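Hi,

Here is the structure I promised to pass on. Have a look first, and my notes follow below.

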Amino acid sequence: MSEPKHRIRALYTATTITVYQAYRPAIGVPAARDGRFPAAWKRDRMTWIKPSFLWMMYRCGWGTKEGQETVLAVEISRDGFEWALRNACLSHYDRAVHPDQAAWKRELRAAPARVQWDPERDLRLGPLPYRSLQLGLSGEAARRYADEWTVSVTDVTPLAHRIHALVREDDLVTAGKLLPAETGYPAGAELLAHLTGA
């Protein structure tokens with residue numbers, strides 16, 4: 001079965017969804033140790049969360065890029081994640097969604113969350129012909145993410161390095177078996193109609 005152009009692919013349970021972020025160790029290590037973001041984590045800045053493990057690996061270079069050496073799996077409540085989707089705006093103007101650019105700009109200024117759809121990645125981090133979600137949180141959404149929605153924070157840097165090593169050894173079968181079991185998240189039209197566009 002072919003993949004839809006837009007789909008949230010994620011590891012999730014009945015009550016939680018796992019998203020990924022990468023930070024410098026000064027933020028990532030205490031977050032994983034304490035299960036919550038430290039005081040140094042800026043709650044007034046935009047933060048981007050990615051349900052796709054491989055898209056996060058593409059973004060952080062398997063945890064090798066400066067300032068992104070600690071890769072975190074952050075388990076958050078599905079209620080919180082879905083609140084963010086309901087209150088999100090596309091990060092770019094789309095004539096299929098917005099009546100005009102001015103309306104989109106007004107929506108963008110007011111929305112506490114924004115959505116980008118970026119090409120999903122394969123194990124070699126090459127682009128695939130379908131897109132996965134990035135969710136940017138600011139203001140109220142960022143504060144809720146850090147202080148209300150977060151259920152657990154796990155340092156998955158060793159996993160990232162292990163999979164990367166297998167990919168470099170050209171053992172894609174073993175590498176693939178170590179990936180988080182991401183499937184299509186059950187987000188219906190009510191959650192995504194205003195976020196997918198053309």
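Helix 3 and helix 5 pack at an angle of about 175°, so they are roughly antiparallel to each other (that label is for angles over 145 degrees; under 35 counts as roughly parallel, 65 to 115 as roughly perpendicular and the rest as oblique). Their axes are 10 Å apart; axes are lines fitted to C-alpha atoms, for helices over the stretch in contact, and angles run from 0 to 180 degrees between N-to-C directions. Helices here are DSSP runs (H or I, at least four residues), numbered from the N terminus, and helix 5 covers residues 139-149.

Before going on: this is a predicted model, where local features need pLDDT of at least 70 and side-chain atom pairs count only at pLDDT 80 or more, while totals for chains, interfaces and linings use all residues. Residues are numbered from 1 along each chain as its sequence is written, and side-chain values use heavy atoms, with hydrogens and water left out.

Back to that pair: G80, W83 and A84 of helix 3 meet E140, A141, R144 and W149 of helix 5 (contact means heavy atoms within 4.5 Å). Two of these residues turn up again, as the charged end of R144 sits over the ring of W83, 4.3 Å from its centre. For that, CZ of Arg or NZ of Lys must be within 6 Å of the ring centre and within 35 degrees of the ring normal. R121 does likewise with Y58, its charged end lying over the ring at 3.6 Å from the centre.

Helix 3 (residues 78-86) also packs against helix 8 (residues 189-196), at about 40° and with the axes 9 Å apart. These two are therefore oblique to each other. On the helix 3 side, E82, L85 and R86 make the contact, and on the helix 8 side E190, L191, L192, H194 and L195.

Last, the aromatics: there are nine aromatic pairs, counting rings of Phe, Tyr and Trp (its six-membered ring) with centres within 6.5 Å. Ring pairs join Y23, F37, W41 and Y145 into a cluster.

Cheers

Definitions and conventions:
Phe/Tyr/Trp six-rings, centres within 6.5 Å; stacked < 30°, edge-to-face > 60°.
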